[in-house]
Amino acid sequence: MASYTQSIQNLINQFASLPGIGLRSAERIAFHLLKQKPEDALMLAEAIRDVKTRIRHCSVCYNLSEGELCNICSDPSRDQTVVCVIEQPKDLLALETAGSFRGVYHVLLGRIAPLEGMEPGDVTIDALLARLEQGQIREIIMGTNPNLEGDGTALHIQNEVGRRFPDVQLTRLARGLAAGSNIEYANKSVLADAISGRQKM
Amino acid sequence: MPLVADRCICLRKIEFSETSQILTLFARQGGVVRVIAKGAHRTTKVGASKFGGGIDLLDVAEAVFSHAPHRELPPLTEWRLTEGHRELRRNLRAIYLGTYAAELVTTLVHEHDPHVELFDRLEQSLREVATARREQAFLAFTLDLLRETGLMPELNACINCGQPMSRVARAAFAIDRGGVACGDCAPNFSRRVGIDPRLLRVVQTILTLPRLAGQPQRLPGLTRNQTDPLNRLLAEHIRFSSARELRLARYILAPSA
Ligand SMILES: [Zn+2]
Ligand SMILES: [Zn+2]
């Protein structure tokens, strides 16, 4: 069987290692690039180089940023006294698309997952405590994922914050039925959460 | 490939790709099995997801998967949640004890080796650790796990002179010998941890309690002052016997957890 030259094979392997791209798609993308004009194809290489050299973590909230501060931390209209704690920058993007939160964030860059060897020191909890030290924050909203590790991470932070900053209010995102979903498809846990978290109408 | 239906507890979950998870399950009839859950995060517009809203650690469900011991990772096809542990999730100590119980099962139980009674004990114990009875319930589960896997250490009498622990004032656990020694014999063993003999009598009490559906009845209430030394001793024993690290041991022995 004929095989590709080493550089083509290398390109295909690089694409195939990306999430959601199989070998067939990787081949299609590689041959598409081969057909393109050099300046067009190299725009992809430049874009990759750009994000890897220019994107870093915001020095306050650990969101992805091109500067020292991310665009949320540097926005004067955001309420700096309310901080929503989340696991990943992509959770921040998801919450921002809802457009209803006017506070700021703290990105943990992970969760405490003891079985996977992810310990409290591997997430940005110390940086969060340092932010609280400055005395401006009056509410922390726990927005970790509603699973066992996310709940454990939230409870660990609750202990740390509660012990050292008893005046800071601690809340967590509501859980229950997804809007636009059907009750008949919800599992037992979701339904129990929805009942206990019911709201006055 | 034949499909099997079995009641399962999720012991471990590893994100494998954007859409798949590799799960280590404790199946009631089939023992510890590893399966792949493809499309675990996908949901339809009406909120129906393939596995009823996702699969989480410690969840109990009626599951269906391919039975293929020769195959590396048989696919999971159905997951109907029966217990999502809402109470356990509200308490950090309960989360750590429950996760530690799962780690102990994956450490000590071989794949495809059925342990029906142990499964029932884990299911009961996960409910119990969510309550104020969590310390004694967890200790009782660990003892049952050791007994069921043939790794119960000698905690009743000195491994050197045979003196019963009920009659000694001081004792130590000899880690590389898997048993306790009286105060006189303890210096013969270099790898040892001191243990209060009164706590060893607590263990004997738990092991001889009457049982209902496998579950020990009228467990004595225990505090962490009592269970911490025993959990530490048993963790050393399990580490030595399995030659494996126990990641959760440090969490459950930390003073703040
Ligand atoms: Zn920021
Ligand atoms: Zn002796």
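# Briefing on a predicted two-chain model

In chain A, the domain assignment gives domain 1 (6-54) and domain 2 (77-172), with bounds that come from an automatic or database domain assignment. The C-alpha centres of these two domains of chain A lie 36 Å apart. This is a predicted model, in which local features need pLDDT of at least 70 and side-chain atom pairs count only at pLDDT 80 or more, while totals for chains, interfaces and linings use all residues. Residues are numbered from 1 along each chain as its sequence is written, and chains are lettered from A and ligands numbered from 1 in the order in which they are written.

**Sheet of chain B**

- Chain B has an open sheet of five strands in the order β3-β2-β1-β4-β5, with antiparallel pairing; strands (E, at least two residues) and helices (H or I, at least four) are DSSP runs numbered from the N terminus, and two strands pair if DSSP finds at least two bridges between them.
- β3 (31-38) and β5 (76-83) of chain B are at the edges with a single partner strand each, so one side of each has no neighbour in the sheet.
- From one strand to the next, the twist averages 40°.
- Six bridges join β4 (residues 60-66) of chain B to β5(B) in the antiparallel sense, and B:Ala61 has B:Leu81 in β5(B) as its bridge partner.
- Helix α1 (residues 92-108) of chain B lies across β1 (3-15), β2 (20-27) and β3 of chain B, at about 110° to β1(B); axes are lines fitted to C-alpha atoms, for helices over the stretch in contact, and angles run from 0 to 180 degrees between N-to-C directions.

**Contact between the chains**

- Chain B supplies 23 residues to the contact and chain A supplies 22 residues, where contact is C-beta atoms, placed from the backbone, within 7 Å.
- On the side of chain B that touches chain A, α1(B) gives the most, with four residues.

**Helix pair in chain B**

- The axes of α3 (residues 134-148) and α4 (residues 197-207) of chain B come within 10 Å and cross at roughly 75°.
- That makes α3(B) roughly perpendicular to α4(B), a term for angles of 65 to 115 degrees.
- B:Leu139, B:Ala140 and B:Leu143 in α3(B) meet B:Val203, B:Ile206 and B:Leu207 in α4(B).

**A loop residue in chain A**

- A:Glu116 lies in the loop between β4 (103-107) and α5 (125-133) of chain A.
- A:Glu116 has 16 other C-beta atoms within 10 Å and is therefore partly exposed, the class between buried (20 or more) and exposed (12 or fewer).
- A:Glu116 and A:Ala130 are 14 residues apart in sequence, and their C-alpha atoms are 26 Å apart in space.

How values were computed
Contact = placed C-beta atoms within 7 Å. Parallel < 35°, antiparallel > 145°, perpendicular 65-115°, else oblique.
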